[in-house]
Amino acid sequence: KIVTETAEEMLKRKVTAGEINYSLGGVRLSNVVILNSMNPADSALIKIGRLGLRFDLFSIITKKFEIKHLQIDDMDLVLSYDGTVWNLESLLNDLKSEHIRQSKEGKKKKGAKDTSTIRTIGFDSAAITLEKAPAAMQFLRGKYLFNGIVDISDPDSVFVRTFTVVLPENRGELESSEIRVFPLSRDFAVTGDVQLNNASMEWLYRRGDLDLPYMIVTGKINGMSVTSSELAGNFIGTSRLKNKAALNLTTGFKARFSPFLLAMTEPQVKTGSSSVHLKYLTVGKGIYPKFSADSIDGRLEEIGAVIPSFPARLFGHAKGNLDSEDLIFTGKLAVNDLGYDRDRKLLSGVSGTFAFSRNSFRAENLPVKILSNDAVISIAAPTDLLKELAVNVKIDTLDFSSAEKNSAEATAAAENGKENRTEPASAVIPTLPLQIRGAIDVGRIRKNGYEIKNVEASYNYSGGKIDIPRCRFN
């Protein structure tokens, strides 16, 4: 009884226990229940399978247990917020106030011993369910599994040491040697270094209405800082992408929760045989991605998973630099064997150097392949490549038999699940230009044994429709 009474005095809450076993320097209790108040009819705050109390042997003689450490195994806690304070925070505040009270009383007596109550609490197999939370933290609700040591001896904060946390809904695991937690209901903040193990990012993207390909993250966040409104730090580690490829990433970052905004500083990325270094990358809800890539070297299929706004299905090798803000591109890229839709071979074999200046560029007499047929194209975007393009095409022979074969093979590959393309790095990607115009000059067109010669035509594409104002052939 003296144990439960001492616990009630410290916790200021009703405490009941099943079996109580004494040993030198400690007490072991089972089936412990701590209520939300001293009222026996109140609801349970914490249910504990096994509870160990460590104290000074001398305190047994004085019949006053000076508990230095609690060990809690198989705990079940429902964490809730009443609009002003968390129930667990209220419990910890009461423990702290008791510690401070006894410290002050001890100092009043010359030579008195500091009779501090609980300094540290160890947890093993603790289940913490976040049920009621402030609006800004609703997305964190769920059941967390916790192992570690909580140090409440500091009057201004709580230290959590040597801990692991298993996140809800298979979101992964966190671990750290030490983090510092400041009051939950007043200027909430968490600081420290944290290791992420197979941490899922998809739930965070859902909150921000984003569709980024960085799905599973493993690595370390150094200098982490968490508040009720943002998460920041320096990350080094790996990410598994939607297409199962691995990406190595080193970056500083700041993630704002509402509205969601992710800002990365100096991200350095390697995936497959490709590497990208960016000065910055910013993505968020309702905005176009912003980035400045000062070094790009690799395959476009891989780079497309790193730099937002890269159209899907581009392939080939690129090297150079590229900036984008509000879908306005500036930079210089040297490309080799660039194409679009590798399976159907709609366009392939493009090589050369392209300079972009606020979405304007020009490239003349480029040898390419269209539907596996040799061709020469000239492209110009005098004002904005996302609004207006002039594309002139010259082909000696356009044989549709190879195009039909490519299309059949691509369809079969898709049906058999053989396609493994990298998704674009953002749901916000550039659409086709609003208007494409130009001229087509084909020496002969062959299809199903028929042949048309000397085809000359002009065309305008706009709003999903193609207009051919002029066409002649033999």
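## A buried phenylalanine pair

Phe123 and Phe146 are both buried, and in this predicted model the two residues also form a pair through their side chains, as the ring geometry set out below shows.

## Aromatic pairs in the structure

When the whole structure is searched, four aromatic pairs are found. For Phe123 and Phe146, the ring centres lie 5.6 Å apart and the planes meet at 65°, so this pair is classed as edge-to-face, given that an angle over 60 degrees between the planes is what that class requires. Because Phe123 belongs to strand β6 (residues 120-130) and Phe146 to strand β7 (residues 142-151), the contact ties together parts that are 23 residues apart in sequence.

Another aromatic pair, that of Phe356 and Phe361, is tilted, with 5.2 Å from centre to centre and 45° between the planes; both Phe356 and Phe361 are buried.

## Leu281 in strand β15

Leu281 is part of strand β15, which covers residues 274-284. Its relative accessibility is 4%, and Leu281 therefore counts as buried, the cut-off for that class being under 20%.

In sequence, Leu281 and Thr265 are separated by 16 residues, while in space the distance from C-alpha to C-alpha is 6.7 Å.

Note on methods. Residues are numbered from 1 along each chain as its sequence is written. This is a predicted model: local features need pLDDT of at least 70, side-chain atom pairs count only at pLDDT 80 or more; totals for chains, interfaces and linings use all residues. Side-chain values use heavy atoms; hydrogens and water are left out. Helices (H or I, at least four residues) and strands (E, at least two) are DSSP runs, numbered from the N terminus. Buried means under 20% relative accessible area, exposed over 50%, partly exposed in between (1.4 Å probe, protein chains only). Rings of Phe, Tyr and Trp (its six-membered ring) pair if their centres lie within 6.5 Å; planes under 30 degrees apart count as stacked, over 60 as edge-to-face and the rest as tilted.
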